[in-house]
Amino acid sequence: MRLNLSVNGEERTADDVWEGESLLYVLRERLGLPGAKNACEQGECGSCTVYLDGTPVCACLVAAGQAAGRAVRTVEGLAGPGALHPIQQAFLTAGAVQCGFCTPGLIVAVHDLLERNPEPSDPDIREALAGNLCRCTGYEHIVAAVKLAARR
Amino acid sequence: MTTSVATAGGIGTSPVRPDGTLKVTGEFAFSSDLWADRMLWGATLRSPHPRARIVSVDLTEALRLPGVHAVLTAEDVPGAKHYGLEHRDQPVLAIGQVRYAGEPVAIVAADHPETARRAAARIGVEYEVLAPVVDSEAALDPACAPVHESGNLLRHVPIRKGPQDVVAPVVVTGEYEVGMQDQAFLGPESGLAIPAEDGGVDLFIATQWLHGDLAQVADCLGLPPEKVRLSLAGVGGAFGGREDVSMQVHACMLALRTGRPVKMVYSREESFFGHVHRHPARLRYEHGADETGRLLYVRARIVLDGGAYASTSMAVVANATTLGIGPYRVPSVTVDGYAVYTNNPPCGAMRGFGAVQACFAYESQMDRLAAALGLDPVELRARNALEPGDTMPTGQVVTGPAPVAELLRRVRDLPLPAPGTGDPREFPGGVANTTRGEGVRRGVGYGVGIKNVGFSEGFDDYSTARVRLELVGGEPAAVVHTAAAEVGQGLVTVMAQIVRTELGVRRVTVATADTTIGSAGSSSASRQTYVTGGAVKAACEAVRREIERRTGRDADLATDLVTVLGDGPIEETVEWRHKPTFPIDPRTGQGDAHVQYAFAAHRATVDVDVELGLVRVVEIATAQDVGRALHPQSVRGQIAGGTAQGLGLAVMEEIQVVDGRIRNPSFTDYLIPTILDVPPMLIDVLELGDPEAPYGLRGVGEPPTISSTPAIVAAIRAATGLPLKRVPVRPEHLTGT
């Protein structure tokens, strides 16, 4: 099938999409946007978190056809070209990035958290990010990055 | 001598990692992100049976599916049919029989990943199912069916130190079990193989050891090593699980057969079958002490289930055994460690590498001994703590700082966490809202552990580094090139820091790791900053000698570099080794087997809902001697991350294997700690300096994983009064239901 959707503010088209493909597969393999990651592909790890019409979703759980005509925003579209969003900068400064596989999904999740709650408490941060697995950091520096980003 | 200058971003500071910007913007190319024109997708058919004879394989229906380009079996393996890191016993594709559920039988290339998976499912394999060997103790019985023709004993490591007939007035014995843990790196096994015009292949791969892969892949492909070129693709975590080959040979075979690039990406489910796991262990210990708590002897028997293939089991059992009594001074030691073949999933390297299993047992024993003597657990440990100049059970003398008692005292003396605020999210069960605090008990526990750094037992453990210094736009700039795998730990940052410190240049580029340069060894055994860091430092020193040769005098890097480099670039390649190690005696286990020892101590505070069996770890404090923190922020990141993996083993993580089959191959059923499960951490970093190591550093990555598990279990015991002899601790162990 042909799939038309808006990605990071741009109208995009993908051809020959098989009906069983996920939005994650289309983003990664057909639209050249590998930022959303494929750690579990069953909605457990949060590494593929993207906005769909402004709501954070696991792109692996969204069938490609469900995204037709809708607006997707990925980690690649959070900041302007060549720029870093303050959350991305905070992740770097706080040392919240190790292997980095969870990072894009976490950054979208933190973006959503701070939109809703600009000054989250520690329990707020932990509750909001409980759907994003990280295997490297033990989360210490991720919590620090969220606090740093909130201050900015 | 050349004078150094303090350069911004040198060692001891915490510059931002060079790959960081690409990682936060989503542009960093992990191994599963790669793409090539005309690319095909690979898929693997795996055995559903833990032990079976393959009667027949029918590829007809698979080949008939439109979009399928190749279906290959063992007959199509062009070179050596087996691979393995230490012992090449594992078939690239099953030959006549399968030895574990999940063993690769055939591979497919197709134009879409779903087509490849469907084609694999259409391959008709007729099996004659046999009774699997699934019990590690039973496997050692001579009457047991052999998993391999050589028998089921992979390696027996005996340790005999001191008199063997010691008796003691105070004796505690215990039997312990450790479940099978998964590395659960988030980036699945994946890579892209591209056939080359010279008949060779280029492989872009996430691995821990490019040259370890190269040796095996080239042999299995029947190609000379120079025709197999490996480049490191982005690695989404490793933790030991990428030390063995997974899809490397398969992707190359499909690419060479089809003449097209082939990408393979495991699903999460397949990943649980696609790499080795932490060995499940059974451990029996007897500790004898005098009335003051001084240890007189330790006797232990450790059995590790190696599963169907050897992987690194021989080294893992040597670690479990040689480090098997912990960081304590004990005059009489009798330990027997066994690694055995079974038809369970193969086990090999995971962070801590044998030291983890032993530490849970010996630290549990130290708590029982303290209770038997009426002593404080920290005090008992301190009385027996290893000190510089003491001998290990192998007879090896501990050189350099060994602050075991100091680390324990430091975590003990930190203020304890405040009582809960009453926020229901802070109770065990958290947002599930299962309690208002009734039935919740708090406990505190301690653990200390020991790990060897680097490869042991006489292995030729080295790394190769090339440093090139030249003028770029009139300014000195350096490029550092190694084959060392950046797996997330921050090695790329540290290499650049070392070059800045040694050469006084600000602009340093870290080239992509590949096999055009010599081996760096594996990113494992907490060794890479030590060994590849040492190689980079040595290459810089060679560059400095060339600067001095050109200037004919002591060079001042701050002022002379531009002039010197005007005569052309300087490039030096150095192979660097740490001090040699030696084999251990096969009968007594005596020998200087290890390069360096590393130590960490933990204090865990937990809340347990004793009615529901739910545990919440409230806080973990860690003290660790890192010798010298080259990148202090990353050191803390390693300690926090390692501690969290130990937490996982303590209360959450186990691959459940029933009759040889994995029952929970998903992140729905194999739970790794979320941000709600991991508590705030107090981290106390000591920098005592090892005079034998580059900059005095001590390997950092593994020690925090080792002692966090027993500390948490000790805290749960303190809260509940239960003996708890198995990890992970599950709710039913706490409620008796």
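These notebook entries record what I looked up in a predicted model with chains A and B.

**Entry 1. The contact between the chains**

I began with the place where the two chains meet. Chain A contributes 43 residues to the contact, and chain B contributes 50 residues. I then asked which elements of chain A give two or more residues to the side that touches chain B. They are helix 2 (86-93), helix 3 (103-116), helix 4 (122-128) and helix 5 (140-151) of chain A. I also noted the make-up of this side of chain A: 22 of its residues are nonpolar, 14 are polar and seven are charged.

**Entry 2. A pair of helices in chain B**

I turned next to helix 10 (residues 377-384) and helix 11 (residues 404-413) of chain B, whose axes come within 9 Å and cross at roughly 160°. Because angles over 145 degrees count as roughly antiparallel, I recorded helix 10 of chain B as roughly antiparallel to helix 11 of chain B. The crossing of helix 10 and helix 11 of chain B is left-handed.

Which residues make this contact? From helix 10 of chain B I listed B:Val378, B:Arg381 and B:Ala382. From helix 11 of chain B I listed B:Ala405, B:Leu408, B:Arg409 and B:Arg412. Sorted by kind, the residues of this helix contact are four nonpolar and three charged, with no polar residue.

**Entry 3. Two residues with positive phi**

I looked up B:Ser311, which has a positive phi of about 45° although it is not a glycine. I found B:Ser311 in the loop between strand 16 (295-307) and helix 8 (313-322) of chain B. Is B:Ser311 buried or exposed? I recorded B:Ser311 as buried, because 30 other C-beta atoms lie within 10 Å and 20 or more are enough for that label.

I then looked up B:Glu457, a residue other than glycine whose phi is positive, near 55°. Its place is in the loop between strand 18 (440-453) and strand 19 (462-472) of chain B. B:Glu457 has 18 C-beta neighbours inside 10 Å and therefore counts as partly exposed.

**Entry 4. A cis peptide bond**

My last entry concerns a peptide bond in chain B. B:Val727 and B:Pro728 are joined by a cis peptide bond, with omega about 0°. Where does B:Pro728 lie? I placed B:Pro728 in the loop between strand 28 (726-727) and helix 17 (731-735) of chain B.

Methods
Residues are numbered from 1 along each chain as its sequence is written. Chains are lettered from A and ligands numbered from 1 in the order in which they are written. This is a predicted model: local features need pLDDT of at least 70, side-chain atom pairs count only at pLDDT 80 or more; totals for chains, interfaces and linings use all residues. Two residues are in contact if their C-beta atoms, placed from the backbone, lie within 7 Å. Helices (H or I, at least four residues) and strands (E, at least two) are DSSP runs, numbered from the N terminus. Ala, Val, Leu, Ile, Met, Phe, Trp, Tyr, Cys and Pro count as nonpolar, Asp, Glu, Lys and Arg as charged, and the others, Gly among them, as polar. A residue is buried if 20 or more other C-beta atoms lie within 10 Å of its own, exposed if 12 or fewer, and partly exposed in between; C-beta atoms are placed from the backbone. Axes are lines fitted to C-alpha atoms, for helices over the stretch in contact, and angles run from 0 to 180 degrees between N-to-C directions. Angles under 35 degrees count as roughly parallel, over 145 as roughly antiparallel, 65 to 115 as roughly perpendicular and the rest as oblique. A crossing is left-handed if the near helix is turned anticlockwise from the far one by less than a right angle, and right-handed if clockwise.
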